[in-house]
Amino acid sequence: MKSITIIKVTIADLYELQRIGRETFQETFADSNSEENMKSYLEEGFSITKLTAELQNEDSEFYFARIDSEVVGYLKINFGESQTELRDSASLEIERIYVLKEFHGKSVGQLLYDKAVQAAWEKGYEYVWLGVWEENLRAIRFYEKNGFAAFDKHIFKLGDDQQTDIMMKLKLDQFPKSLSRLKLNFVIILLVCLRTILSWLIDNNVLISCSLKGIVKSGPGYLFCRVSFH
Ligand SMILES: CC(C)(COP(=O)(O)OP(=O)(O)OC[C@H]1O[C@@H](n2cnc3c(N)ncnc32)[C@H](O)[C@@H]1OP(=O)(O)O)[C@@H](O)C(=O)NCCC(=O)NCCS
């Protein structure tokens with residue numbers, strides 16, 4: 001498998017975004033919706049005007065997943081007022097995560113998802129949430145295996161059809177826990193290293209003497225550390 005890169009989408013990528021947006025939406029939902037509903041959603045939902053406004057919104061970000069120069073999937077995240085619901089200042093929404101069928105099960109979706117969680121973590125949000133169609137079993141399984149749990153339902157309108165989306169969320173407080181485990185491991189390794197160095201110094205009769213020379217009358221203090229070998 002060639003390497004996958006995740007890059008932030010800019011206004012210069014507008015037409016590429018429209019192409020991948022329409023193609024992946026079509027692939028995902030064409031079989032389960034009327035041609036008419038699909039046509040109007042593809043027209044309006046991915047119009048150049050709408051995508052331009054979304055790209056210029058500072059409370060949203062898009063990312064492409066690329067394999068070589070080919071865009072094979074994309075991600076849209078929202079925070080603050082641009083979230084489609086909740087609009088909690090402590091949350092980030094994954095509004096869209098779409099990968100071309102040919103690349104399902106090949107880590108592309110996972111890397112896009114990781115980018116969303118990384119952004120939430122960096123921006124200090126407490127949880128990530130999303131809405132997923134109740135019949136989209138693959139996506140539901142994907143979110144569940146990443147730790148998401150259902151907390152509500154809402155209605156999504158596709159043309160004249162009303163569909164039920166399951167709302168799922170992931171609390172991010174599990175990350176600090178794993179981070180503190182990491183920190184603890186680091187401290188243990190540091191202590192073991194210190195003990196090894198100290199035993200070596202004692203075994204080799206090396207004397208360390210540190211002296212703090214007082215504050216120079218009109219200036220800052222200096223710390224002198226002198227190591228002498230006997
Ligand atoms: C959602 C998406 C990004 C996930 O990426 P992916 O590469 O397909 O994800 P993975 O293969 O890692 O995980 C999918 C899981 O669903 C499982 N799965 C596949 N078909 C399934 C089905 N019909 N029912 C239940 N689970 C299913 C897979 O076995 C896998 O689980 P496992 O790793 O435990 O075996 C990708 O499928 C996608 O782009 N789908 C189309 C767009 C879409 O639906 N987006 C979500 C909108 S909310």
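Reply: Here is a quick tour in that order.

Me: What kind of model is this, and how are residues numbered?

Reply: This is a predicted model, where local features need pLDDT of at least 70, side-chain atom pairs count only at pLDDT 80 or more, and totals for chains, interfaces and linings use all residues. Residues are numbered from 1 along each chain as its sequence is written.

Me: How many helices and strands?

Reply: The protein has 6 helices and 9 strands. Both are DSSP runs numbered from the N terminus: helices are H or I with at least four residues, strands are E with at least two.

Me: What is the strand order in the sheet?

Reply: The order is β1-β2-β3-β4-β5-β7-β6, in an open sheet of 7 strands with mixed pairing. Two strands pair if DSSP finds at least two bridges between them.

Me: Which strands stand at the edges?

Reply: β1 (4-8) and β6 do. Each has a single partner strand, so one side of each is left without a neighbour in the sheet. The twist averages 25° from one strand to the next. Angles here run from 0 to 180 degrees between N-to-C directions, with axes fitted as lines to C-alpha atoms, for helices over the stretch in contact.

Me: Which strands does α4 lie across?

Reply: α4 lies across β1, β2, β3, β4 and β5, and runs at about 30° to β3. α5 also packs on the sheet, touching β5 and β7, and its direction makes about 160° with that of β5.

Me: Back to β7. How do β5 and β6 pair with β7?

Reply: Both pairings are antiparallel. β5 (residues 127-133) and β7 (residues 161-171) share 7 bridges, with Trp129 opposite Lys169. β6 (residues 149-158) and β7 share 9 bridges. Along that pair, Asp152 faces Met167, Phe156 faces Gln163, and Leu158 has Asp161 as its bridge partner.

Me: What sits between β6 and β7?

Reply: A hairpin turn with 2 residues between the strands. Gly159 in that turn has a positive phi of about 60°.

Me: How many of the 10 residues in β6 are buried?

Reply: The count is 0, and β6 is hardly covered. Buried means 20 or more other C-beta atoms within 10 Å of the residue's own; exposed means 12 or fewer, and partly exposed is in between, with C-beta atoms placed from the backbone. Of the 230 residues of the protein, 19% count as buried.

Me: New topic, the ligand. Which residues are closest?

Reply: Val99, His104, Gly109, Leu137 and Arg141 are the closest of the 18 residues that surround the ligand. A residue counts as near if its C-beta atom, placed from the backbone, lies within 6 Å.

Me: Which element gives the most to that shell?

Reply: α5, with 6 residues. α1 (14-29), β4 (91-99), α4 (108-122) and α5 (137-145) each supply at least two.

Me: Last one. Where are the non-glycine residues with positive phi?

Reply: Asp68 has phi near 55°, and Ser107 has phi near 75°. Most residues other than glycine have a negative phi. Asp68 is in the loop between β2 (60-67) and β3 (70-79), and Ser107 is in the loop between β4 and α4.

Me: Why is Asp68 classed as exposed?

Reply: Because Asp68 has 9 C-beta neighbours inside 10 Å. Ser107 has 14 other C-beta atoms within 10 Å, so Ser107 is partly exposed.

Methods. Two residues are in contact if their C-beta atoms, placed from the backbone, lie within 7 Å.
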